[in-house]
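Let's take a friendly walk through a protein model together.

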Amino acid sequence: MKEILAKYIPERAVQAACNLIVKNKVHLKIVSQRVTRHGDYRRMPNGQHRITINASSNKYRFFITLIHEIAHLVAFEQYGRTIKPHGIEWKRTFQQLMLPFIHPDIFPSTLLPIIAHHFKNPRASSDTDEKLALALKQYDPENDKNYIFEIPLGSRFRLYNGKIFQRGNKRIKRYECVELSTGRTYLFNPNAEVELLN
């Protein structure tokens, strides 16, 4: 397991991450990229804990996702399955599990203060924290994608599924965007990755 994890997470975190996986009896499954999520946790009918994470060359995003999903498992086991998936129990558990890793041996100095700030009150997804999402994006392979919040008002963009939209105004946290073929309005997270059209 160590050899596999070493491909996906920072080297100095490998042993401790292995220990967490073994201690919590996690069946870890690494899958090809899914657009809608970085990872998920499920308790299987046989009682096994399965965590599925997108294969990624961004070791820092993969690692944060791994601890995020282990925090779901630990919180459910500790507080019961009636808690909210991203409620206060999960947040506390995520903070406790992540704290030993917020260290310059594991994260680069450019990321460290942003990660430390994020974990004062972790969100349901690292993608909804604009500063953290932008900081993590610097460690992704080069691509031609932009975040919604980076593109100008009124500009057109294409989604992974080929649909074309026009960016509208921000409503509290999300952006109103109109699908050009139907005229329907959809709300987008600020950090949805899209292809900007000229």
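**A buried arginine and its surroundings**

Arg61 counts as buried, because its relative accessibility is 8% (buried means under 20% relative accessible area, exposed over 50%, partly exposed in between, with a 1.4 Å probe and protein chains only). Before going on, note that this is a predicted model, where local features need pLDDT of at least 70, side-chain atom pairs count only at pLDDT 80 or more, and totals for chains, interfaces and linings use all residues. Residues are numbered from 1 along each chain as its sequence is written, and side-chain values use heavy atoms, leaving out hydrogens and water.

What does Arg61 form a salt bridge with? The partner is Asp140, and the closest N and O atoms are 2.7 Å apart (a salt bridge is a side-chain nitrogen of Lys or Arg within 4 Å of a carboxyl oxygen of Asp or Glu). Arg61 sits in helix H3 and Asp140 in the loop between H6 and strand E4, so the pair ties together parts that are 79 residues apart in sequence. Asp140 is buried too, at 19% relative accessibility.

Arg61 also takes part in a helix contact: Tyr60, Arg61 and Ile64 in H3 meet Ala133, Leu136 and Lys137 in H6 (contact means heavy atoms within 4.5 Å). The residues of this contact divide into four nonpolar, no polar and two charged.

Now look for another salt bridge. Glu176 and Arg171 meet through their side chains, with 3.0 Å from N to O. Here Glu176 is partly exposed at 26%, and Arg171 is partly exposed at 47%. The whole structure holds seven salt bridges.

Note on methods: Helices (H or I, at least four residues) and strands (E, at least two) are DSSP runs, numbered from the N terminus. Ala, Val, Leu, Ile, Met, Phe, Trp, Tyr, Cys and Pro count as nonpolar, Asp, Glu, Lys and Arg as charged, and the others, Gly among them, as polar.
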